[in-house]
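This briefing covers aromatic ring contacts and charges placed over rings. Please read it alongside the model.

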Amino acid sequence: MATNLNPDRFAAARDRYLPLLDRLASLFEQMDAAYAAVAGQYGFQCNGCADNCCRTRFYHHTLIEYLYLMEGINALDADTAGETHLRARQVCEKMADADRQGKSFFMMCPLNRDEQCILYSCRPMICRLHGIPHELRRADGSVVKMPGCDAFFSQCRDRGKTDYIRFDRTPLYRQMAMLERELRLATGVDDPIKLTVAQMLATPTGGPCEID
Ligand code: SF4
Ligand code: SF4
């Protein structure tokens with residue numbers, strides 16, 4: 001399903017949702033600290049890698065992360081914002097081509113320049129949490145455990161540090177869901193979101209494109 005959220009829809013609600021973005025910033029700090037604490041115990045450092053996860057097609061599902069990223073985009077100088085927009089369109093077009101041909105798709109996120117994220121402080125949740133093994137608790141009480149990235153495994157295997165150290169994303173996801181609920185009430189927007197970063201950035205105004 002195509003997503004078509006016009007950024008003008010959010011302008012009138014900006015005063016209402018800005019305090020929620022401040023709370024999201026605090027939640028992001030909490031995520032970064034939780035991640036760093038566990039990564040530090042493993043001795044894992046993300047120094048980039050051949051599989052760079054900024055090439056992965058991650059979908060993001062919250063309006064609050066989108067609006068937070070837009071604050072960062074709107075603070076960029078015009079040249080950088082324009083170049084980012086062009087890159088985003090190219091990524092979206094190539095992704096759509098790959099999908100039409102049934103091919104897998106990996107392409108660098110339009111915010112990545114020379115292996116660095118130019119909006120690092122505004123990056124979405126999954127960009128902050130990817131890399132180390134983690135677990136999620138389901139509503140029925142079951143726990144799903146997921147491995148870290150390949151580079152994590154090879155770094156930690158070499159030091160004999162692959163035994164799982166508990167990293168439970170559940171409370172972080174819950175806090176994100178609560179903030180998202182409040183944001184939806186503040187904006188009155190209930191469209192479902194399923195967008196890559198490139199799709200978020202692909203229209204001239206920075207709003208989501210209509211590419212599936
Ligand atoms: S988190 Fe893992 S996959 Fe992503 S860039 Fe770092 S080492 Fe590579
Ligand atoms: S937003 Fe930043 S960290 Fe996330 S995929 Fe894009 S470049 Fe990488």
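The points below take the ring pairs and then the charge–ring contacts.

This is a predicted model, in which local features need pLDDT of at least 70, side-chain atom pairs count only at pLDDT 80 or more, and totals for chains, interfaces and linings use all residues. Residues are numbered from 1 along each chain as its sequence is written, chains are lettered from A and ligands numbered from 1 in the order in which they are written, and side-chain values use heavy atoms, with hydrogens and water left out.

**Aromatic pairs**

- Rings of Phe, Tyr and Trp (its six-membered ring) pair if their centres lie within 6.5 Å; planes under 30 degrees apart are stacked, over 60 edge-to-face, and the rest tilted.
- The count by this rule is five aromatic pairs.
- One of them is the edge-to-face pair of F10 and Y66, at 6.1 Å centre to centre with 65° between the planes.
- This pair links distant parts of the chain, 56 residues apart: F10 is in helix α1 (residues 8–11) and Y66 in helix α3 (residues 63–74), helices being DSSP runs of H or I of at least four residues, numbered from the N terminus.
- F10 and Y66 are both buried, meaning under 20% relative accessible area (1.4 Å probe, protein chains only).
- Y42 and F152 also pair edge-to-face, at 4.7 Å centre to centre and 85° between the planes.
- Here Y42 in helix α2 (residues 14–42) is linked to F152 in helix α6 (residues 150–158), 110 residues apart.
- Y42 and F152 are both buried.
- One aromatic cluster is formed by Y42, F44 and F152.

**Charges over rings**

- A charge sits over a ring if NZ of Lys or CZ of Arg is within 6 Å of the ring centre and within 35 degrees of the ring normal.
- R123 has its charged end over the ring of Y120, 3.7 Å from the ring centre.
- K194 lies over the face of Y59, 4.5 Å from the ring centre.

How values were computed: Helices (H or I, at least four residues) and strands (E, at least two) are DSSP runs, numbered from the N terminus. Buried means under 20% relative accessible area, exposed over 50%, partly exposed in between (1.4 Å probe, protein chains only).
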